[in-house]
Amino acid sequence: MPVPYLASALNGWTTPIVFQVITKTTVNFQTVETSSPITLDCNLQPMPKQDLAQKPTEQRSWKWWSLIVREGNLLEPDDVLTDPSGIRYRIMSVSNWGESGFQKYEAIEDYGT
Amino acid sequence: MEPDLILCNIIQEFTGIAASRIVVYNQNYDPPTDPGIYIVVSFSESNIIANGYTFEAATNQYVYKTVTAGQYEIEITSKNRDALTRKEEIIQALQSYQAQQYEQLYNVSIYRPNSILDLSFIEGASSLHRYQMRGIIHSVKTITKTVGVYDKFRDQEVLN
């Protein structure tokens, strides 16, 4: 019995957003951050309260977001995305439901540059 | 070139470890996930040996010079046994001919570590081989500052 494919359930809930992904490389023995564009067909919404309530106390004041991506490259923890309005989101956890047609991430609003 | 980058260059040239696996400490650095070696160089502390300044009248600039004995922590880490078997190469690198060339080129003095600390225990269940040693570099930091000088004076009066 195959894993249910749920990508079609996201029809109408996602929109393509062009993010700038910040990746880290080592240049001349120093960590350098570079940004490159990436398009994610995604739904970005504030984290539901019941998920937020399970966070450690000292983390509940952070600005948490849930990111559901229907199509796009798999992100990794600590990746930083910048949306078109300039808000930076840092990926804190990855749930790879690729078999079901989507990935789910938890992200926080990150410090600005 | 800053002393920590000098150390990185010396270690890379002597050991042949890929330059991307040797980094100056940065909180944003993502360690490699493969079993191979990576090395992190970080500043620990320094003793001020001398500090002074001179004034250069030709350019109206103050030249500030500070001589420090900086201690830099060099951590060699790997999941496999490479860090365990190659850690002594760091000490050899700091007294190699490459190190002598960098000393002459950048006007520094490099002293080898006198001990190697085993920090593998702080990795807990991740079972990394992690060893730390301190290299000492005597270096001179020079900066120049332009200062305003009194160069406009009233005409002198001759009083009879």
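Between chain B and chain A, 4 residue pairs are in polar contact, both residues being at pLDDT 80 or more (a pair of N or O atoms within 3.5 Å; within protein, one able to donate a hydrogen and the other to accept it, with residues adjacent in sequence counted only if both atoms are side-chain atoms). The model is predicted: local features need pLDDT of at least 70 and side-chain atom pairs pLDDT 80 or more, whereas totals for chains, interfaces and linings use all residues. Residues are numbered from 1 along each chain as its sequence is written, chains are lettered from A in the order in which they are written, and side-chain values use heavy atoms, without hydrogens and water.

The count of salt bridges between the two chains is 1; it joins Asp30(B) and Lys24(A), with the closest N and O atoms 3.4 Å apart (cut-off: a side-chain nitrogen of Lys or Arg within 4 Å of a carboxyl oxygen of Asp or Glu). In total, 13 residues of chain B contact 8 residues of chain A (heavy atoms within 4.5 Å). The area buried between the chains is about 880 Å², 54% of it from carbon and sulfur atoms (accessible area, 1.4 Å probe, lost on being put together and summed over both parts). On the chain B side, Leu5(B), Asn28(B) and Asp30(B) lose the most area to chain A, together 43% of what that side buries.

Helix H1(B) (a DSSP run of H or I, at least four residues) is mostly covered, with 10 of its 13 residues buried (under 20% relative accessible area, 1.4 Å probe, protein chains only). Among them are Leu5(B), Cys8(B) and Thr15(B). Gly16(B), with a positive phi near 80°, follows H1(B).

Terms used
Buried < 20%, exposed > 50% of the residue type's maximum accessible area, 1.4 Å probe, protein only. Helix = DSSP H or I, 4+ residues; strand = E, 2+ residues; numbered from the N terminus. Buried area = accessible area lost by both parts, 1.4 Å probe.
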